[in-house]
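Hello,

Here is the structure we talked about handing over. My notes on its aromatic residues follow below.

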Amino acid sequence: MDETEFWEIIDSTREAAEGDPEEHADLLVERLAQLDPDSVLDFARHFEARYNRAYRWDLWGAAAVLLGGASDDAFDYFRCWLIAQGREVFEGAMHDPDSLAGLLDDFDEDLDGDGEDLGYAADEAYEQLTGVVTPDLGLPPQAAEPAGTPFGFDDDAALAERYPALWERFGPV
């Protein structure tokens, strides 16, 4: 599976789910279960590589603005959700996290931003196909710390300065 196929699967299942992350995860499992096990592993590698690439302090700060705070787990689930938004949104956020303010049509913090189930879709599909758990993907492990310079997410003034567009659109009222 190449990168184009990976993003096509992400996009088609998201569109069919009408943006609902839980429904998206279910549809993704169904779609992946139609593939052969090696293709599911390829999908998992693409997903995991992007998940690890998004382990950055600047994205964590953007998630904190969007979610009204972001614990370790919340940021993990946010990265899965971000990948599920498609190539344009993901790459835009990687280039400039503040650009999420313009890349996201809507954002409901009760529904959006949590893609935990999406992160397990390839594992579920692989297990359905083979009856065994997903083997090691052969990718380097996630870094011990996010890339970039750490900063505190509890300083509203600093978040507003660092993410002016996100803060204006999604920051606390």
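Trp-57 and Trp-60 both sit in helix H4 (residues 57-67). They are three residues apart, about one turn of the helix. Helices here are DSSP runs of H or I with at least four residues, numbered from the N terminus.

A note on the source: this is a predicted model, so local features need pLDDT of at least 70 and side-chain atom pairs count only at pLDDT 80 or more, while totals for chains, interfaces and linings use all residues. Residues are numbered from 1 along each chain as its sequence is written, and side-chain values use heavy atoms, with hydrogens and water left out.

Both tryptophans, Trp-57 and Trp-60, are buried (under 20% relative accessible area, 1.4 Å probe, protein chains only). Their ring centres are 5.3 Å apart and their planes at 10 degrees, so Trp-57 and Trp-60 are stacked. Rings of Phe, Tyr and Trp (its six-membered ring) pair if their centres lie within 6.5 Å; planes under 30 degrees apart count as stacked, over 60 as edge-to-face and the rest as tilted.

Trp-57 also pairs with Phe-153: centres 6.1 Å apart, planes at 45 degrees, so this pair is tilted. It links distant parts of the chain, 96 residues apart. Phe-153 is in the loop between helix H9 (121-130) and helix H10 (156-162). Trp-57 and Phe-153 are both buried.

The structure holds 13 aromatic pairs. One aromatic cluster includes Trp-57, Trp-60, Phe-151 and Phe-153.

Arg-162 lies over the face of Phe-151, 3.8 Å from the ring centre (CZ of Arg or NZ of Lys within 6 Å of the ring centre and within 35 degrees of the ring normal).

Best wishes

Conventions. Helices (H or I, at least four residues) and strands (E, at least two) are DSSP runs, numbered from the N terminus. Buried means under 20% relative accessible area, exposed over 50%, partly exposed in between (1.4 Å probe, protein chains only).
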